[in-house]
Amino acid sequence: MSVLVFLDQADGQIRKSSLEAASYGAALAEKLGVPAEGVTVGTVANDLGSLGQYGLKKIHTINNPALDNLDAQVYTKVLAELATTTGATVLVFSNNLTGKAVAPRLSVRLKAGLVAGAVALPETSAVFTVKKNVFSGKAFAHVSITTPIKIISLNPNSFSIVSKEGVAEVVDFAATIDQSKVEVTSVNKVVGEVPLTEAEIVVSGGRGLKGPENWGLVTDLAKLLGAATACSRPVADINWRPHHEHVGQTGIAIAPNLYFAIGISGAIQHLAGVNRSKTIVVINKDPEAPFFKAADYGIVGDVFEVMPKIITAVKKLKGVA
Amino acid sequence: MKILVCISKTPDTTAKIAFTDNNTKFASDGVQWIINPYDEWYALVRAIELKESDPTTVIHLVTVGQADTDPIIRKALALGGDEAIRVNADSHDSFFIASQIAEIAKQGNYDLVFTGKETIDYNGSSIGGMVAELLDLPYVSLAIKFALDGTTATIEREIEGGEETNKVQLPLVVSCQKGMAEQRIPNMKGIMGARSKPLKVVEPTPVEAYTSIASFELPPAKAGVRLIPADNPEELVRILHEEARVI
Ligand SMILES: Cc1cc2nc3c(=O)[nH]c(=O)nc-3n(C[C@H](O)[C@H](O)[C@H](O)COP(=O)(O)OP(=O)(O)OC[C@H]3O[C@@H](n4cnc5c(N)ncnc54)[C@H](O)[C@@H]3O)c2cc1C
């Protein structure tokens, strides 16, 4: 019996959301009195032993360049083989785009109940029950898993990374690797940008900014804070900003430490995707804007007057000229 | 060419979310129901476009739900599609639902199964992957563009940290999101035509659910906003740094 954490990598580095999953898996393993282990799929570059600091005792590497592209079908088979060989009873994924592709398939293959979008450690005393996000951030459900093997996909930014002393043993796992039926003809990875779902701080703009030419007010602040940028749906629809920045009920759901909303009204569909943010700041000239009801801090004012002053103050705080 | 499009019924995006029966049931009284936006705007409309470019294409819709799902399926048929199948069951377990869809998919021998990327109520994003595994077919998740040349699909999809282009032979399962197509409004002809399209009701195949919902919970209400005067935005920066410690 063990808890097995899938470690998603980006250019040889384990993603932050997977380090959260590792910390979550380690805490769960401790609760269950079993060891926590990790697995990487595809070429590994960095020093995996150091992942012991997140509580993982052993890292299995399925180290093969044939697995560098994500094919859910091929990944599922190798992960199922590993899980069966090691006797894993709980598998933990980050509920990122990789987790969304692989965990459901694996659930079927291992006959393991899946809770996707978990936000807290399971209740394990009676029935194994996991709290997850439902109604696009407007509520939570406590979902019981009734199968012997269980899979949990943890929402990014829902569980803090815990690091201690420790070195993990790294072992290679020789899995049977199927030929992929999906040919990847091109890959276009965004480099140097903070991924929206993993970002601690998100600066977001709405139609109140009047046009793409004014987006410097968003991007300048974001850069100073090391933040990701987001936008409301109409802003993406009229192509002021790229679609992948659209947050909300029909866009991306995020839960950063700080969500900074500039010129966004706070429609219910927008709030659904951002209301799990720990701190919400709203700048809007309309005191009746619904966003103020969901905010922690706010300024009722014109973004074109307020934002330059905020940017200057943050520059001063960060010691930037 | 035969396409199966999975349709789910969800509360309207403005619906008030509340629970009854000791927080074990969604309070559906007075709730407006819609087609799950991802199923409608992207999966269904892209399938309709494929039929428009190749009229020999047949589109079937499938939903797992009780009789109160019929208006939603009719609405979907008003947009397009040749016939619909409703599996007469009420379940929130992804594996149960996926098993029903896979059963229909096996019987119908489809070249393509389209789902939305997730439902806006239970947010599982699991049905597509599960159906693919049950059918032992390739699965391309989170597609943003889909083109077909004979039996070869070229798909752009979102992956963690970027996008990639895939080439895959049919049959396969695809989950669809923004970019695949543009939302459409059903016209009068579509609405009238939908009434006479076949809607077949079948009983579920017996499948053991893997999960069940024990209870629901609403997030705690916010304490209330602290307003900072517009002529002193520097104070906001100070508070965020010194008190909230978020910057
Ligand atoms: C089915 C459905 C799904 C949807 N999904 C989403 C979703 O996922 N995400 C999403 O964001 N929306 C979604 N919407 C749209 C949503 O209802 C709102 O229309 C949208 O969020 C509004 O965007 P906005 O706040 O940028 O623009 P607006 O509503 O136009 O608001 C602009 C705000 O800026 C303020 N403002 C204007 N000028 C200034 C100024 N100079 N200084 C300060 N403030 C100013 C105004 O007071 C106003 O509050 C959805 C709608 C539907 C029907």
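The text below looks at one helix by itself and then at some helix pairs.

This is a predicted model, in which local features need pLDDT of at least 70, side-chain atom pairs count only at pLDDT 80 or more, and totals for chains, interfaces and linings use all residues. Residues are numbered from 1 along each chain as its sequence is written, chains are lettered from A and ligands numbered from 1 in the order in which they are written, and side-chain values use heavy atoms, with hydrogens and water left out.

**One helix by itself**

Helices here are DSSP runs (H or I, at least four residues), numbered from the N terminus. Helix H3 of chain B covers residues 94-108 and has 15 residues. From its first C-alpha to its last, H3(B) reaches 21 Å, close to the 21 Å expected at 1.5 Å a residue; the expected span is 1.5 Å times one less than the number of residues.

H3(B) is largely enclosed by the rest of the structure, because 11 of its 15 residues are buried. Buried means under 20% relative accessible area, with a 1.4 Å probe and protein chains only. Among the buried residues are B:Phe95, B:Phe96, B:Ile97 and B:Gly108. After H3(B) comes B:Asn109, with a positive phi near 50 degrees.

**Helices in pairs**

Two packed helices are described by the angle between their axes and the distance between the axes. Axes are lines fitted to C-alpha atoms, for helices over the stretch in contact, and angles run from 0 to 180 degrees between N-to-C directions.

| Pair | Axis distance | Angle |
|---|---|---|
| H2(A), residues 72-86, and H3(A), residues 97-109 | within 9 Å | roughly 50 degrees |
| H3(A) and H4(B), residues 127-135 | within 7 Å | roughly 45 degrees |
| H8(A), residues 303-318, and H6(B), residues 233-243 | 8 Å | about 45 degrees |

H8(A) and H6(B) are therefore oblique to each other. Angles under 35 degrees count as roughly parallel, over 145 as roughly antiparallel, 65 to 115 as roughly perpendicular and the rest as oblique. H8(A) passes H6(B) in a right-handed crossing, meaning that the near helix is turned clockwise from the far one by less than a right angle. Residues making this contact (heavy atoms within 4.5 Å) include A:Val306 and A:Ile310 of H8(A) and B:Leu236 and B:Val237 of H6(B).

The crossing of H2(A) and H3(A) is right-handed, and the residues meeting there include A:Tyr75 in H2(A) and A:Leu106 in H3(A). H3(A) and H4(B) also cross in a right-handed way, with A:Val108 and B:Met130 among the residues in contact.

How values were computed
Helix = DSSP H or I, 4+ residues; strand = E, 2+ residues; numbered from the N terminus. Buried < 20%, exposed > 50% of the residue type's maximum accessible area, 1.4 Å probe, protein only.
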